[in-house]
Amino acid sequence: MAAFEGPPVSLHPLIGHDGVRKALRVAHARGELPGSLLLHGPRGVGKQRLALWLAQLVVCDAPGPDGPCQRCGPCRMALALEHPDIHWYFPLERPKGASGEKLADKLEEARHRELAEVRAQPKRPSFSDQIRALYLGSVANIRSKAAKRPSMADGPIFIVGQAELLVPQEASQEAANALLKLLEEPPGDARFILTSSEPGMLLSTIRSRTVPLHVPPLPVPLVETFLEEGLGVASDTAGWAATLSQGSPGRAMAFLPDGDDLGPLESLRRQAFHTVVAALADDAAAGFEIAVGFPPAGARKLIDLFTFVEEWLRDLAAAAAGADVVVFNQDALARLKKHVDRASIDPARVPMAFLAVERARELARGNVNPQLVMSGLIRDLRAALRPASTGASGSASQPAVEGVRG
Ligand SMILES: [Zn+2]
């Protein structure tokens, strides 16, 4: 599979973002690179890859007009994810049965395992369906590394990916506050590059101590070229995944099949489609079958699914209104139109369906049993989209969850 030439490389090539790269290169050449940066932009657009590129630029012995030279010792180490002063942190699953210092050690072990996986398989999609966060233990690890002397570079460089997950699920702000202290008084010449697709969820004090830089979506044709030429994906598959990518190569990669398995996002997209179709079906039992197919715990994992449900609802409204060109899931246009006709969808009712998704999202955040959340969602979608078919129950506007609990 590996089609790269030259020294061993553990990172897929960085594509696009020419404007952002130029701004960073010029600032670095002038010695004006901010000590703490926040790269923000859509999920999967390449923010952490860009942060690694910037770290490589900082350690490079001979940066040129295109950025790091790619050939010097520090560049090779950075590209192999083996530079001793570049520390890449990202959200992890909480290790079981550990707290305090032991938690910090376990998190560091988990991070090294993950880095080893990236080295072994740089092209794997980075979307994960696990519940992950940046725990206080990881910030403690950053702090102890920041206090040590750098091995080669002028100072350590810390990349903190998905920094919005610094506030762990227990709503404790400990991890975020601990990082804030480091940003306020960075030890020595430490640099911080934070990335976030939801900068609004960061503590405002963290936002105010970092210089924001927006990383925009890439043009879809560039994503397609990256898939074909960078990853060796067949041209029709590359075109299909690029169309669904919204300009994010990471998102496109997560649609690609993984051996015989569907890509993680493609599997979510299909699950979301079946959810909407079940709500449109004549037989209400279809919805319950789908709902009981979900595990009885882990409702927060549903939140990504709901984003796809909203996309399908949006497409349903577009198809019902005859606005085929704005349908996002173009590969399903014919099937959408069939469902629109069969269920006599009125586009004016779709906003009601969005409210149903919003209600389900709130329940999922509250960690209600996913089967109950899903059966409630499908029932509410049905009431919104097919008011005439909800029958005699009369209570369809109530979230079904409450009824099931009683
Ligand atoms: Zn170099």
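At what angle do helix α8 and helix α9 pack, and how far apart are their axes? I took this up as the opening entry, working from a predicted model.

**Entry 1: the helix pair.** I recalled that two packed helices are described by the angle between their axes and the distance between the axes. I found that α8 (residues 220-230) and α9 (residues 235-243) pack at about 140°, with their axes 8 Å apart. Angles over 145 degrees count as roughly antiparallel, and α8 and α9 are therefore oblique to each other. I noted that their crossing is right-handed. On the α8 side, I listed Val 220, Val 223, Glu 224, Leu 227 and Glu 228 as the residues making the contact. On the α9 side, I listed Ser 235, Ala 238, Gly 239, Ala 241, Ala 242 and Thr 243. Sorted by class, this contact has six nonpolar, three polar and two charged residues.

**Entry 2: the sheet.** I then turned to the strands. Five of them form an open sheet in the order β2-β3-β4-β1-β5, with parallel pairing. I recorded β2 (86-89) and β5 (211-214) at the edges; each has a single partner strand, so one side of each is left without a neighbour in the sheet. The twist averages 20° from one strand to the next. Helix α5 (residues 136-147) lies across β2 and β3 (157-160), and runs at about 170° to β2.

**Entry 3: the whole protein.** I counted 17 helices and five strands. Of the 406 residues, 39% count as buried.

Technical notes. Residues numbered from 1 in each chain as written. Predicted model: local features only at pLDDT ≥ 70, side-chain atom pairs only at ≥ 80, totals over all residues. Axes fitted to C-alpha atoms, helices over the stretch in contact; angles between N-to-C directions. Helix = DSSP H or I, 4+ residues; strand = E, 2+ residues; numbered from the N terminus. Parallel < 35°, antiparallel > 145°, perpendicular 65-115°, else oblique. Left-handed = near helix turned anticlockwise from the far one by under 90°. Contact = placed C-beta atoms within 7 Å. Nonpolar A, V, L, I, M, F, W, Y, C, P; charged D, E, K, R; others polar. Buried ≥ 20, exposed ≤ 12 C-beta atoms within 10 Å, placed from the backbone. Pairing = 2+ DSSP bridges.
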